[in-house]
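Dear colleague,

Please find the structure for your study below. My notes on what was found in it follow directly after.

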Amino acid sequence: MQNETRKQWLSSLATADENYLISLWDNLNMKIEYNWLREPEIGSVMVQGKVGATGDNFNVGEVTITRCSLNLDKKIQGHGYVQGRNKYKSKIAALCDALMQTEKKEIIKRNIIDKLIKYKNNKRNEILSKTEATKVDFFTLVRGEDK
Amino acid sequence: MYVSVKGGEKAINNAHSWLSEIRRGDVNIAELNIKQISEQLTLSVDRVMSEGSLYDKDLSALAIKQSRGDLIEAIFLMRAYRTTLPRIGSSKPIETSKMLCLRRISATFKDIPGKQKLGPTFDYTHRLLDFKLLADGEYEKAKIEKYDDKEIPHVLSFLNKEGLIQKEIPSGKTSKDITRNPINFPLTRSERLQSLSRGDEGFLLGLAYSTQRGYARNHAFVGELRTGYVEVQFEIPELGIEINIADVMFTECESVNQFKGSKKIPAQFTRGYGLVFGQLERKAISMALVDRSMRWKEFGEEYLGVAAQDEEFVISHCDNIQATGFLEHIKLPHYVDFQAELDLVRKIREEYKKNEQRT
């Protein structure tokens, strides 16, 4: 498996809007058998910054993270590392991660991952276009004596 | 003699029942829900996340509701919850140059690549109460414009190219997590910044203001201020793959200070740095100014004996949970301690009387 693409889908799942991800998953109505390797647990990740944006690392503060791991048929493992404290979101992420390694890949990609990417892009575009509207256009006034 | 006493259990329970009722307020008014708080009191939510040192909007909103809007009490609740969380790991250092900016301004350069973008700011408002908000539901919609989706470089990187500003280069020094290790002075700059980032906004504002008024002689410009979302990258331990595990809003401030030069360093501009969760620019600017004033030793500047230069003073007092814990504990029963003091004062007075009678 290419790590780049797995990195991409894991990132989309991790930062997904939880209600949106849950509704996408529930709409698929899939019944998946799995075993827990690690049941969902809530924890934190310490976020590091850089001094002056380029220097030494420093600890800024923590962010809540929920994680779980499971396997399908004792073979394929799925990991659900997600932002926030929603255990169901974490489980869905782990199931999607596992299913992305099976023949169900296309269903999950089309109905979940692609939609999450689109959702995030729309949010991003919304922010960028609003920010752009607050761009300052400077102009210089002509002074009287310069006439 | 003092006999230990028990009691107060009923009083405490009843006090907490009344607290619960008074928190709810008039039942004829709709109850606040967590989403209303996290969507509409966003800057309170940001402050509680920043000083609570935990980025989680729902928890922050819950803490604000539970504390009846007392933000320090809410921060206390966040800190207490934070200590119960297992630490899964540490992120890669964030790249603020890749921030998805809502706001980005510089007070030192007018024309900058990426331009000045005001974002949703209180600046340039007239600070007049808006009675329209008393009525229901009216608001203006944000305008939109076409944009180039380019990275917005840091303003100070341009000064860097001319060598006019001190560079921030990794020193290779290791720093401790101040939430897991006791603080030993002197601290590294990284440890100071961790402490400032979770420090009390009001305390840092006061100290920063003191430097502007001359107590540390550092006149700062805001080289750059930016607010927006940054991707937090984290390596999944089971896979060794680095993913974007969280999107977190930060405000970053880089201050620029003139520096005449010293035996160690030629004249150049120097920097202070502020980085905080959420849209808290007053705090980010304060942090940058206080960071800079504590760097006097590094630049071979004179120590003027002022509070903002004294890292032990600043770091030991900037944490509002430590401060309020110690301050508020004196309202709890101190009957035994006070009884001892009472006896002592009585004794001294008796001796004083005896001496008076003798003369």
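The buried residues of helix H9 of chain B are Glu281(B), Lys283(B), Ala284(B), Ile285(B), Ser286(B), Met287(B), Ala288(B), Leu289(B), Val290(B), Asp291(B), Arg292(B) and Ser293(B). A residue counts as buried if 20 or more other C-beta atoms lie within 10 Å of its own, as exposed if 12 or fewer do, and as partly exposed in between, with C-beta atoms placed from the backbone. H9(B) is thus mostly covered, with 12 of its 13 residues buried. The expected span of a helix is 1.5 Å times one less than its number of residues. For the 13 residues of H9(B), 281-293, this gives 18 Å, which agrees with the 18 Å between its end C-alpha atoms. Helices (H or I, at least four residues) and strands (E, at least two) are DSSP runs, numbered from the N terminus.

This is a predicted model, in which local features need pLDDT of at least 70 and side-chain atom pairs count only at pLDDT 80 or more, while totals for chains, interfaces and linings use all residues. Residues are numbered from 1 along each chain as its sequence is written, and chains are lettered from A and ligands numbered from 1 in the order in which they are written.

Chain A has four helices and three strands, in the order α-α-β-β-β-α-α from the N terminus. Its radius of gyration is 22 Å, whereas a compact globule of 147 residues would have one near 15 Å. That radius is taken over C-alpha atoms, and the globule rule is 2.2 Å times the number of residues to the power 0.38. The C-alpha atoms of chain A fill a box of roughly 85 × 35 × 30 Å along the principal axes. Of its 147 residues, 43% count as buried.

How do the strands of chain A pair, where pairing requires that DSSP finds at least two bridges between two strands? S1(A) and S2(A) are antiparallel, over 13 bridges, and Arg38(A) has Ser69(A) in S2(A) as its bridge partner. Their hairpin has six residues between the strands, and Gly52(A) in the turn has a positive phi of about 65°. S2(A) and S3(A) are also antiparallel, over eight bridges, and Thr66(A) has Val82(A) in S3(A) as its bridge partner. In this second hairpin, with three residues between the strands, Asp73(A) takes a positive phi near 50°. Because 13 of the 16 residues of S2(A) are buried, this strand is largely enclosed by the rest of the structure.

Glu62(A) stands opposite Leu54(B) in S1(B).

The contact between the chains takes 51 residues from chain A and 66 residues from chain B, where two residues are in contact if their C-beta atoms, placed from the backbone, lie within 7 Å. S2(A) gives the most to the side of chain A that touches chain B, with 11 residues. That side divides into 18 nonpolar, 21 polar and 12 charged residues. Here Ala, Val, Leu, Ile, Met, Phe, Trp, Tyr, Cys and Pro count as nonpolar, Asp, Glu, Lys and Arg as charged, and the others, Gly among them, as polar.

With kind regards

How values were computed. Pairing = 2+ DSSP bridges.
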